[in-house]
Every structure is written in structure tokens, then in C-alpha cells.
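Keep the sequence and the 3D view open side by side as you read.

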Amino acid sequence: MASSNAYIIATAIDRAFVEPACVLLASIVANADVPEASLLVYGLGLTLRDRDRLAKSCGAMADKLSVIDLNFAADRLKKLRVTLTVPSVVAYARMLVPSILPHSASRLLYLDSDIVVIDSLRPLFETKLGGAIVGAVPDTIAPWVDLSFRSDVLKLSNPSFYFNSGVLLIDVEAWQNERLTEKAFAFNESLPPGTRLSFPDQDLLNAILADFWLPLDRRWNFFNQTDEESLNLQSYLSEATIVHFASGKKPWVSGSTHPGRQLYLDHRKLTPFAQVPLDSWVEQRLKQFLRSPVNTVKNLSLRLLRR
Ligand SMILES: [Mn+2]
């Protein structure tokens with residue numbers, strides 16, 4: 001059994017997600033109660049200014065931050081498909097990161113950058129995985145998801161047993177022993193040409209981890225599970241520890257009506273973006289295109305057609 005004395009929190013971004021990553025870091029420093037944790041940001045194409053903003057957002061934990069250039073993996077990542085739901089290849093970094101950490105890093109908490117932490121993460125880090133390799137929060141079935149895809153293509157024996165990949169508590173040593181990074185890339189390459197995954201990195205991870213993941217309480221990855229669910233700020237405050245802005249409605253867009261938005265704005269005040277005006281939806285999408293270096297024109301046109 002691995003010791004749990006080394007906590008690592010990691011995320012991955014390109015230039016389009018520097019602001020939310022700053023807010024994520026500030027929220028961890030303010031609320032997560034793990035001052036000994038290492039903070040890793042894997043970045044693609046980040047500038048010195050971006051790095052400076054990330055460091056400034058870490059305040060008292062600035063010496064815990066490492067910003068690591070993802071260029072070493074760029075060739076591998078660029079071969080992977082981007083989609084409407086996963087607009088940047090940095091999403092796939094979660095498949096790589098556990099394989100490149102030292103063995104002694106026994107607990108890795110991998111977080112999407114569209115997250116705000118509002119309470120202590122210590123109980124999560126202390127969670128016993130009970131033989132599982134990854135802890136994650138189940139994702140209930142969106143009505144438009146084709147369950148037969150999950151059984152036929154992803155080979156899930158129970159297509160309803162499916163997790164959201166936005167928060168992953170990972171036993172690094174066990175991940176490495178099972179060579180899960182290699183398995184994830186191999187599974188992707190084994191798919192028939194033209195296969196369209198609904199949520200690429202998430203589908204691949206569900207496929208290779210089907211027998212190796214432990215469902216965690218919803219508070220560790222709190223998001224709207226169905227279109228009908230009506231969360232409000234109070235439900236976030238009372239039921240969530242990790243708030244995940246998982247839908248397309250991101251709180252950093254001006255005019256956003258996301259019910260958890262105030263949590264984002266409150267922590268944004270703790271970052272170098274405090275005085276920066278929020279982008280409109282169009283500005284945001286344009287920046288996302290310009291700052292996500294490996295996106296294709298095809299992908300942009302698809303996204304513009306979307307709404
Ligand atoms: Mn997300």
C-alpha cells in the first residue's frame with residue numbers, strides 16, 4: 001500500500017484557460033487546507049506573462065507551483081482528436097501526467113481548469129481507494145448519449161457506470177504498475193477509423209478504467225447532472241467542495257447566468273485578473289481559437305455553428 005504523504009494537484013491548460021486556471025489556483029490556496037501540496041500546471045504555448053499570472057495567483061503557496069511545458073508531449077497530443085466538448089488537446093494531458101510523476105507521488109488529484117475549490121481537500125486526499133486506482137464522481141446519463149456506443153465501442157459491461165473525468169483522484173504507483181497511460185493511447189489507436197467519441201479523454205479513461213475506479217461522493221465534483229436539475233448558489237455552498245463548471249455555460253463569460261458564478265467571481269478577485277473586464281462570448285471563443293495552437297479551422301467553424 002502506497003504511503004499518502006505526498007499530495008500533488010495538477011491541471012493542464014493552453015493560453016485560452018489561463019484565467020480560469022488562476023482562479024482555480026487561488027481557490028485552492030484560499031480553501032483547500034493542503035498547504036504542503038505541490039501544484040502542477042501543465043501548459044501548452046504559455047507566455048512568460050501567463051506564467052507570472054499563475055504564480056501570482058498562488059499567493060502563500062507560490063513556492064509550491066511548477067509550470068511545466070507540455071511541448072515534450074506535443075507530438076503525441078496533436079494526433080488526438082479535438083471536439084466540441086473537448087476543444088483542446090491539453091484535455092488529454094490527464095492520460096499522460098500520472099505516468100511521468102515519480103513513484104513517491106502516491107496521491108495525484110487531477111483537476112480540470114474549469115473548477116473552483118470551496119472547502120478542504122484533505123478528506124479527499126485521505127480517501128482510501130480500496131484497491132481501485134482512480135476515484136471519480138459518476139456522471140449520470142445525458143439524454144442524448146447513446147448507451148449502445150458505450151457498450152459497443154467503449155466495451156463497458158455496464159454503460160451506466162461511467163465517471164466524469166474533471167476530477168480524478170489517482171494512485172500514481174498503481175497507475176504506473178498497470179501501464180494505464182499506454183493502455184489509454186493503445187485503446188484510442190484500436191478504435192475503428194472515423195469513430196467519434198462523445199467526450200474523448202473521458203470516454204478513453206472510462207474504457208480502460210472500467211474495473212479500476214471507485215465512485216466518490218458528488219461533493220468532490222459538483223456539477224449539473226441533468227438539464228432539468230436546478231442548482232442555485234445555496235446548493236453549491238451546502239453540497240459542494242469542488243465546484244465544476246462542466247457545461248458549456250462558463251462563468252467567466254460576461255453576462256453568464258450560471259448559478260455558481262459568484263463563486264468564480266469571488267475567487268477571481270484574488271488573481272491578477274481582478275481588474276480585467278470579462279470577455280463576451282464572441283471574444284472568448286475567438287481567443288480560444290487563437291490561443292489553442294493545435295485547433296483546426298474545421299473545429300472553429302463547428303463551434304461557431306453551434307450557437
Ligand atoms: Mn471541465
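The points below go through a strand, a helix and some loop residues.

1. First, some ground rules. This is a predicted model, in which local features need pLDDT of at least 70 and side-chain atom pairs count only at pLDDT 80 or more, while totals for chains, interfaces and linings use all residues. Residue numbers start from 1 along each chain as its sequence is written. Helices (H or I, at least four residues) and strands (E, at least two) are DSSP runs, numbered from the N terminus.

2. Start with strand β7, residues 163-171. Nine of its nine residues are buried, so the strand is mostly covered. Here "buried" means that 20 or more other C-beta atoms lie within 10 Å of a residue's own, "exposed" means 12 or fewer, and "partly exposed" lies in between, with C-beta atoms placed from the backbone.

3. Now turn to helix α8 (residues 180-190), whose buried residues are L180, A184 and N188. They line one face of the helix because, seen down its axis, they fall within an arc of 85°. That arc is taken from the directions from the helix axis to the C-beta atoms. On the face turned away from this buried side you will find the exposed residues E182, A186, E189 and S190. The cover over the buried residues of α8 includes α4 (93-100), α7 (172-177) and α9 (200-209).

4. Most residues other than glycine have a negative phi. D33, however, has a positive phi near 60°, and K155 has a positive one of about 60°. D33 sits in the loop between α1 (18-31) and β2 (38-44), and K155 in the loop between α6 (147-152) and β7. D33 counts as partly exposed because it has 14 C-beta neighbours inside 10 Å; K155, with 13, also counts as partly exposed.

5. Finally, what does D119 touch? Not counting residues up to four places away in sequence, D119 touches N31 and T241, where contact means C-beta atoms, placed from the backbone, within 7 Å. D119 and T241 are 122 residues apart in sequence, yet 5.1 Å apart in space, C-alpha to C-alpha. D119 lies in the loop between β5 (115-117) and α5 (122-125).

Conventions
Two residues are in contact if their C-beta atoms, placed from the backbone, lie within 7 Å.
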